[in-house]
Amino acid sequence: MGFMRCLRSNIHTLKFPSPFPLPTGERGRVRGFERRMKMKRWILILAALFFSIPSMAFSQDKTLVVGIMSTVLSLDPANHRDRVTETVIRNMFDGLVTRTPDGRIVSEIAESWKNPSPTVWEFKIRKGITFHNGDPLTADDVKFTFDRIITENAIDGKTAMRKGLIDPLQKVDKIDDYTIQFNLNSPWPILLAMLPHQQIIPKKYFESVGTKGFLAKPIGAGPFRFVEGRLDERIVMERYDKYYGGSPEIKPVGPPPLKRVIFEVIPETATRIAALQAGKVHIIQNVPSHMVETLKRDSNVVVKTALGTRVHMFEMNVNQAPFNDVRVRMAMNHAVNMDIIVEKILGGFAKRMAGAILPHGLYFNEALKPYKHDPALAKKLLAEAGHSKGFPLVIDTIDTYKEVCEATAQQFRAVGIEASVRIWDWGVLRPLALNGERKIVFQSWGNSTLHPYDLLNPKLMSKDRGNYSQFSNPELDDLLKKGGVETNPDKAKEIYLRAQYLIYNEAPWVFGYVPMEIEACSKNVENWVPSSDSRINLHRVSLK
Amino acid sequence: MRFVKIIERILAAIPVMLGVAVMVFAFMRLTPGDPVDLMMGEAGVVSKAEIQTIREQFKLDQPLPTQLFHYLSGLVRGDLGTSFKKKEPVGKLIFDRFPATMELALGSLLLGLAMGIPIGIWSAVKQSSALDRISMLGAFFGISMPPFWLGLILIIFFSATLGWLPVSGRITYGLAPTSITGMYMVDSLLTGRMDSFLSSLEHLLLPSVTLGLALASIIARIMRSSMLEVMRQDYVTLARAKGNREFIVVHKHALRNALIPTVTVVGIQIGVLLGGNMIVESVFGWPGIGRLAVDAIFARDYPLVQGVVIIYSLTYVMANLAVDILYTFLNPKITL
């Protein structure tokens, strides 16, 4: 309003010079004056209308806006492989089980389960759950959901993108209206950890509208129902008043407090932060560590963190000299001061890893201590391995990790290694790394289940899809194969403790860190905490 | 006669498009990086069987000539294929986003022309004056400022600090008009919704200024140079000698010829603008085809990249044809 008052009182002083000589004489002066006054009147009218339109008219009716960092790929829970897409979908769809913010598996649609044999799981479905169209959720819907995922070519002639996430699931049987049985082709200890990533869809509705109709108007059993959306712009949801309440183990239980939630696609980090500070959004994800202090100075913003699940490490090609010598690999670990890198480059928003497994992961070996930063020992080991004068080294990585790699390169240079950094497009670097054509690569690997199976198997089993270090150890392969099917927790712990020692001693990696998920919200957001798997769960969130 | 020439030019574009289609097909497949690998991401366990199944679904297991044949035969039927990552027809993905790009392109173009042409004329008429020097200095900065930086500065100042304009997006939730053209400003005028019009205008303003400023700078400089050249011609001196007012001399006699180089630049810029600007679209969260294209390239989403490049080529061909047609109106001595 201050602007409008200022505009009105000063409009008569606004001048609009013309490059051309105006008509001369009295008639020219009058005509020119009339033209200018008309123009000023229109500017005043448009400005008044313009600034009276609110940019986001939501605060009165409890609408919360989340700024997400990439487009949503699909609203079909079975047919995508994207974390941001999953975050949005899981506010509309619930699964058999879910995860607490600190990573524990708890019941959701399934009220209980049992594992009568190593390859059979039985789930009891909670009664009284309805989909957004009022249809009751029964075992038929669960069977339909999973059949659609695991059956080849079940989605319009194509196989579901999420089939691989429950690969060992072979068959789903309905026992009764509220009991479902999963039959696996082999024991799979991480089934429960993988189930939060699959959400239940309504069989009757889906069969009546087909894939296209379902994507246009998705119906789930989650706390919010779909209202409208453009996947590359914004998705709007409203409270489902008949929501069963969600997991009874995560309080409070009941329909969501918020009337409406909107996920706005804002890919650029600086724009997302500006939107939060301007009050246009309430929650944003993926805040870079160097922006945390800036946001903390804003009294309207609260920064929140959760320990993440992406493991970051340098992978040394054990088939190429000099990394075919374990002494050199150990020297590399002693040369790096990872604590300083975590503190100075990552702002303290990461946790150093002692070995290969996440510090908050299952079967983490507490006895393992990180390699000590000891440049003298590093030089000694290098000399013993015949590299007293060091060696040239190019660290290959992507743009995201440039700073970390350059800081580490400097530490390598301090022990005589002529290290430099080369930045690549990941699509180009990955096949080279996988073929063993690069000496050392810095990358990360996601481990949202917190179980070593989907971290160690792809990264360190011989010739597996993420094994950029080309590490191949028959004993480790055997341990990881056994661990992947061991359902007895004590035996599994024994297996993975042994595996961790083996990896630590062989040191195919310079063990790195796991960064925190840094997110931020406006100060009037209540009852929201970030999750370690970067999921933004709005079920229990409210606005002051 | 002109109509026949236009049809000839359109038909001549077909082999160009075909060549582009084959080239982009080949380049994408020669580019390192496997789309299925990239789609699976750097997380979890994925079996070799699953990867093989997906490769078969995308026909990536077939020999390249077979893949090319399937692609070209689809193209002839108007089928641009299905996006690997988004699982939707490429044509639909591009068609859904094209109005947003068109709206931003038109907004930037109008702003660029509205600022650039008068400033160029003004600077030429008042050559060497203080205003001439200031405007050319401004044009220099306008060309030099990276759009990424300018966009963020505008957001920080007008959106975050002053709160006058929105940070991102195309329109306030709840105000989207009924879709006719897909361009919110046009649709709101057609449906008589002033609230939608103003909301879409305020969302369009900052991204248009970001792109339009650079365009205005280029146009101003070219306009000034060509005006100075034309104003020195004998026929302009004659027009003055006949007693015409300066306004008539500049606009009626000099401007039409001076516009020709400007029209050339505008034609090239239309192609650039309609191709979408990924940086500005990312900064402002503008859902156009620029962002779509770059995401597709990094994901090695072959059908989507191919589709987008074909649309870019078509846009350039049509824009250049429009420019050539405009020449003939500006100067009847020029023929197609």
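Some ground rules. The model is predicted, so local features need pLDDT of at least 70, side-chain atom pairs count only at pLDDT 80 or more, and totals for chains, interfaces and linings use all residues. Residues are numbered from 1 along each chain as its sequence is written, while chains are lettered from A and ligands numbered from 1 in the order in which they are written.

Confidence comes next. The model scores ipTM 0.86 and pTM 0.87. pLDDT is the predictor's confidence in each residue, from 0 to 100. Chain A averages 90, and 89% of its residues score at least 70. Where does the pLDDT of chain A stay under 50? One stretch is residues 11–23, which have 15 contacts beyond four places in sequence in the model. Residues 53–60 of chain A are also below 50, with 13 contacts beyond near neighbours in sequence. A contact here means two residues whose C-beta atoms, placed from the backbone, lie within 7 Å. Where pLDDT is low, the predicted coordinates should not be read in detail.

Chain B averages a pLDDT of 88, with 99% of the residues scoring at least 70. Among the elements of chain B, α11(B) has the lowest mean, 83. Helix α8 of chain B, residues 184–190, has the highest, 95.

Now chain A. Chain A has 544 residues, and 48% are buried. Buried means that 20 or more other C-beta atoms lie within 10 Å of the residue's own; exposed means 12 or fewer; partly exposed is in between; and C-beta atoms are placed from the backbone. Chain A has 16 helices and 20 strands. Helices (H or I, at least four residues) and strands (E, at least two) are DSSP runs, numbered from the N terminus. Take the contacts in chain A with a separation of 6 or more: 70% are between residues 24 or more positions apart.

A few spots in chain A deserve a look. Most residues other than glycine have a negative phi, and most peptide bonds are trans. Which peptide bonds here are cis? One joins Lys251(A) and Pro252(A), with omega about -5°. Pro252(A) sits in the loop between β9 (234–239) and β10 (260–265) of chain A. Another joins Ala321(A) and Pro322(A), with omega about 0°. Pro322(A) is in the loop between β13 (310–316) and α9 (326–335) of chain A.

On to phi. Ala507(A) is not a glycine, yet its phi is positive, near 45°. Ala507(A) lies in the loop between α16 and β18 (509–522) of chain A. Is Ala507(A) buried or exposed? Ala507(A) counts as buried because it has 25 C-beta neighbours inside 10 Å. Ser534(A) also has a positive phi, about 60°. Its loop runs between β19 (525–526) and β20 (542–543) of chain A. Ser534(A) has 21 other C-beta atoms within 10 Å, so it is buried.

Over to chain B. Chain B is divided into domain 1 (2–76) and domain 2 (96–330). Those bounds come from an automatic or database domain assignment. The domain centres, taken over C-alpha atoms, are 32 Å apart. How many residues touch across the two domains? In chain B, 16 residues of domain 1 are in contact with 13 residues of domain 2. On the domain 1 side, the largest share, 10 residues, comes from α1(B).

Then the two chains together.

Last stop, α7(B). This helix has 15 residues and reaches 20 Å from its first C-alpha to its last, close to the 21 Å expected at 1.5 Å a residue. That expected span is 1.5 Å times one less than the number of residues. Where are the buried residues of α7(B)? They are Leu150(B), Gly151(B), Ile155(B), Ser159(B) and Ala160(B). They pack against α7 (269–277) of chain A, together with α9 and α12 of chain B. After α7(B) comes Gly163(B), with a positive phi near 70°.
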